[in-house]
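Trainee: Could you walk me through this model? I would like to learn how to read its features.

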Amino acid sequence: MALHIEKIATSKISEVDFSNLKFGQVFTDHMFECDFENGAWQTPKIRPYQALSIDPSAKVFHYGQAVFEGMKAYKDDNDEIWLFRPEQNQERINKSAERLDMPAFPKEYFMEGLNTLLKMDSEWVKKGENNALYIRPFVIATENCVSASSSTNYKFMIICSPVQGYYAGEVKVVFADKYSRAANGGVGFAKAAGNYAASFYPAKLAANDGYQQIVWTDASTHEYLEEAGTMNVFFRINDTLYTAPTSDRILDGVTRKSIIELAKSEDINVEVRKISVKEIVEAAKKGELLEMFGTGTAVVISPISAFSNKGENFDLPKLENSYAALLKKKMTDIQRNLSEDKFGWRVKV
Ligand code: COI
């Protein structure tokens with residue numbers, strides 16, 4: 001694969017305070033970029049990270065034809081860099097793109113572009129259990145035309161951001177009973193930019209009440225719990241873990257599916273089935289709801305300390321030996337090359 005490379009003259013890495021990073025605010029020295037024009041992906045390039053020049057009529061600005069991914073790279077004590085199940089993200093961005101009528105991005109371009117970019121910006125991947133490099137591949141519609149139809153031109157990019165945690169403190173959630181994130185036949189399963197934009201207003205209302213996230217419910221009845229937008233959600237009732245099945249409304253999270261496999265391999269009983277608000281509220285009242293946690297690339301595994309349903313607040317117990325802590329340790333040890341990877345998930349850059 002031909003790849004044009006233009007390196008930065010001077011790295012900006014010395015200006016970055018790696019001990020005090022806000023999620024997704026600092027970006028590495030280079031970016032990967034490839035344009036779709038005349039019906040084909042053109043020669044990809046890596047060039048210094050910089051602002052883009054895009055015509056104001058580009059369709060992404062008007063119709064939100066855009067999809068993205070989230071991945072992480074980790075550095076081990078031997079300075080080797082590891083990705084976690086990157087083929088899952090490569091496949092998923094193309095599934096998202098198909099639903100938004102965007103062209104698939106070739107696997108070879110994705111993998112080679114990503115690996116070359118990570119090697120060029122390897123100094124930005126810091127060691128240590130709280131550090132990772134967040135990787136954001138995305139595709140936007142770039143045709144200069146405001147007619148409401150699929151674009152003829154696109155831009156695929158990968159940018160990278162050194163990160164630590166996503167949530168600064170504890171995570172409290174509210175169960176949705178008015179707004180909805182996704183509907184049957186819609187784009188909920190896709191990492192479509194608009195899914196996130198549509199959640200910001202209800203999320204702001206929730207934040208005003210002290211909740212960091214909304215657990216979305218099914219749009220028609222608000223009776224079943226689905227996902228939280230930045231994360232899939234797991235519930236522990238007694239010793240069983242429950243999570244909702246994926247559907248055309250729920251993102252098929254890479255962390256979610258890995259946690260299901262890991263939990264099973266730890267002999268934890270996992271049930272993937274519809275979960276009603278009613279049963280979670282009842283379990284909480286009986287003291288049987290022992291844990292709730294979110295899973296996602298950005299959030300890793302984030303324990304949820306409380307939830308609110310129709311104005312009623314429920315605090316979750318603080319467990320010594322939580323499933324969330326056990327599974328987080330097992331998964332991050334695999335991701336960071338600290339343990340054997342019997343699943344074959346870890347991929348060296
Ligand atoms: C991720 O976990 O990578 C996500 O895409 C969630 C989010 C930061 C929007």
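This is a predicted model: local features need pLDDT of at least 70, side-chain atom pairs count only at pLDDT 80 or more; totals for chains, interfaces and linings use all residues.

Trainee: Into which domains is the protein divided?

Mentor: Residues are numbered from 1 along each chain as its sequence is written. Domain bounds come from an automatic or database domain assignment; here they give domain 1 (4–163) and domain 2 (172–334). Taken over C-alpha atoms, the two centres are separated by 27 Å.

Trainee: How many residues of domain 1 are in contact with domain 2?

Mentor: Two residues are in contact if their C-beta atoms, placed from the backbone, lie within 7 Å. By that rule, 19 residues of domain 1 meet 13 residues of domain 2. On the domain 1 side, β5 (66–68), β6 (71–75) and α2 (86–99) each give two or more residues, with α2 providing the largest share, six residues. Helices (H or I, at least four residues) and strands (E, at least two) are DSSP runs, numbered from the N terminus.

Trainee: Which residues of helix α6 are buried, and which are exposed?

Mentor: A residue is buried if 20 or more other C-beta atoms lie within 10 Å of its own, exposed if 12 or fewer, and partly exposed in between, with C-beta atoms placed from the backbone. In α6 (residues 277–286), V277, I280 and A284 are buried. Seen down the axis, the buried residues fall within an arc of 70° (using directions from the helix axis to the C-beta atoms), so they line one face of α6. The face turned away from that buried side carries exposed K278, K285 and K286.
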